[in-house]
Amino acid sequence: MSEQDRAQVVVVMSAGMRAHTAHVLGRGMWQATMRAIKDNPQLGARLLTGMEQQEAVDELMSWSFSEQQDVLAAMAEPTAARLLAALPAELRQKLLSGLPPHVAANIVSAMQPPPAAASLDALELQRAIAILMAMDPAAAAALLQELGAGKAA
């Protein structure tokens, strides 16, 4: 079975099955399989989407920055938003700063206003403006209102 074929199977396995498969395959074959998953953002998105949130956060944090960006961009926005919101603030800020503004805007739009506002507020001003400008006007207005309410409090 090729690495790509194994990767296709692994992304639909339960956590228990993945652990068992990792043990059976051995370190080298498992690492090659995970490399195939990380090299294909759609497979990475399927893997992380099928995990419990904390497991997905832990897994994503073990990936390189570019792999993290690629997989977040490949995910459905609500899923990417939930995962991003669960990440440490520093990593969330770094990822939002590194994603193309339209991708970051779609993810931020899918977040609930308080965490979305906090995420934008932590960014460099020019980056936050670029993301806001790429957002749907209604979502951007809600975020600006949330930011204003937070500043007023």
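The C-alpha centres of domain 1 and domain 2 lie 28 Å apart in this predicted model. Domain 1 covers residues 1–75 and domain 2 covers residues 88–152, with bounds that come from an automatic or database domain assignment. Six residues of domain 1 are in contact with eight residues of domain 2, where contact means heavy atoms within 4.5 Å. Residues are numbered from 1 along each chain as its sequence is written. Because the model is predicted, local features need pLDDT of at least 70 and side-chain atom pairs count only at pLDDT 80 or more, while totals for chains, interfaces and linings use all residues; side-chain values use heavy atoms, with hydrogens and water left out.

The secondary structure comprises eleven helices and zero strands. Helices (H or I, at least four residues) and strands (E, at least two) are DSSP runs, numbered from the N terminus. The C-alpha atoms fill a box of roughly 55 × 25 × 25 Å along the principal axes. Of the 153 residues in the protein, 41% are buried; buried means under 20% relative accessible area, exposed over 50%, and partly exposed in between, with a 1.4 Å probe and protein chains only. Among contacts between residues at least 6 apart in sequence, 63% join residues at least 24 apart.

The largest nonpolar core has 46 residues. A core of this kind is a set of buried Ala, Val, Leu, Ile, Met, Phe, Trp, Tyr and Cys residues joined through side-chain atoms within 4.5 Å. Leu48, Leu72, Val108 and Met135 have the most contacts inside this core. Both domain 1 and domain 2 give residues to the core, so it lies between them. Leaving aside residues up to four places away in sequence, Met135 touches Ala105, Val108, Ser109, Ala140 and Leu143.

Helix H6 (residues 77–86) has Thr79, Ala80, Ala81, Leu83 and Leu84 buried. The cover over these buried residues includes helix H3 (41–49), helix H4 (53–61), helix H5 (65–74), helix H7 (89–98) and helix H8 (101–110).

Helix H1 (residues 3–10) packs on helix H2 (residues 15–38) at an angle of about 120°, with the axes 9 Å apart. Axes are lines fitted to C-alpha atoms, for helices over the stretch in contact, and angles run from 0 to 180 degrees between N-to-C directions. The contact involves Glu3, Gln4, Arg6, Ala7 and Val10 of H1, and Arg18, Leu25, Met29, Trp30, Ala32, Thr33, Ala36 and Ile37 of H2. Eight of the residues in this contact are nonpolar, two polar and three charged. In this division Ala, Val, Leu, Ile, Met, Phe, Trp, Tyr, Cys and Pro count as nonpolar, Asp, Glu, Lys and Arg as charged, and the others, Gly among them, as polar.

Thr21 is also found in helix H2. Thr21 is buried, with a relative accessible area of 13%, and touches Met13 and Trp30, residues up to four places away in sequence not being counted. Pro113 is placed in helix H9 (residues 113–121) and is partly exposed, with a relative accessible area of 30%. With residues up to four places away in sequence again left out, Pro113 touches Leu143 and Glu146. Pro113 and Glu59 are 54 residues apart in sequence and 26 Å apart in space, C-alpha to C-alpha.
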